[in-house]
Amino acid sequence: DLLAGSWRAADENEFKFDTAAGQLTVPRSVVTRIVFRNGKLTYLSDLDPESVEETPFFGRLMSYRRDQSLDGGPLKLKDKTYAKGLAVHSRSVLSYDLDGEYETFKATVGFDVSSQGRGRVVCRVLGDGRELFAEPDLAATGEPRNVEVSVASVKQLSLEVDFGEAEDTGDRLLWADARLFRGEK
């Protein structure tokens, strides 16, 4: 089924919309996809990367996933579950062509609960090769980090996750709610 309406609110259990028939609450468990029609917000998981670089760890490649964890479950950071996002394993670089169409990139970056407190990575967001955000020692024992950077006039956005100090096999990182915002035109 397809539902058209205006976004009202969301929490970890449900979405609320204003529709032509009135206000509607929908359980998160039955929602498979959300598409925003106003064109101001785009989830990175709805875009195809222009390039993907992934380095196997101990000969095992764990390819990135969209809107699910690396083991196919929900995207979960600490006690919060996210419907949208990207799951990666170190070392990976996902690059997206933006063509200067967006103003802001936002995400919450941290370790998937399946890492069980193991893992350390170097995490960066690059715009046309220029560092926009860096966390040189993001550890699974720490808190997820909110990322908000300007991508005004950026042609290519890259999300880079590199091996950290411990080179741990638990380097399962989530870019939760990774999204781009267009400015007012």
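Predicted model: local features only at pLDDT ≥ 70, side-chain atom pairs only at ≥ 80, totals over all residues.
Ser 95 belongs to strand S10, which spans residues 92–97. Its relative accessible area is 4%, and because the limit for a buried residue is under 20%, Ser 95 counts as buried. Beyond its neighbours within four places in sequence, Ser 95 is in contact with Pro 49, Glu 50 and Ser 51, and also with Gln 156, Leu 157 and Ser 158.

Strand S10 leads on to the sheet that contains it. This open sheet has 5 strands in the order S5-S10-S15-S12-S13, with antiparallel pairing. Its edges are strand S5 (51–54) and strand S13 (130–139), each of which pairs on one side only. On average, neighbouring strands of the sheet are turned by 10° against each other, with direction ignored. Ser 51, one of the contacts of Ser 95, lies in the edge strand S5. At the other end of the strand order, S13 pairs with strand S12 (residues 120–127) in the antiparallel sense over 7 bridges. Within this pairing, Val 121 has Leu 138 of S13 as its bridge partner.

A second open sheet consists of 3 strands in the order S1-S2-S3, and here too the pairing is antiparallel. Strand S1 (6–10) and strand S3 (22–27) form its edges, each pairing on one side only. Neighbouring strands of this sheet are turned by 25° against each other on average, again with direction ignored. S1 and strand S2 (residues 14–19) run antiparallel and are joined by 4 bridges. In this pair, Trp 7 stands opposite Phe 17 in S2.

Even so, Glu 148 touches Thr 104, Phe 105 and Lys 106, when residues up to four places away in sequence are not counted. Asp 99, by comparison, is 49 residues from Glu 148 along the chain, and the C-alpha atoms of these two residues are separated by 19 Å.

Terms used:
Residues numbered from 1 in each chain as written. Heavy atoms only, no water. Helix = DSSP H or I, 4+ residues; strand = E, 2+ residues; numbered from the N terminus. Buried < 20%, exposed > 50% of the residue type's maximum accessible area, 1.4 Å probe, protein only. Contact = heavy atoms within 4.5 Å. Pairing = 2+ DSSP bridges. Axes fitted to C-alpha atoms, helices over the stretch in contact; angles between N-to-C directions.
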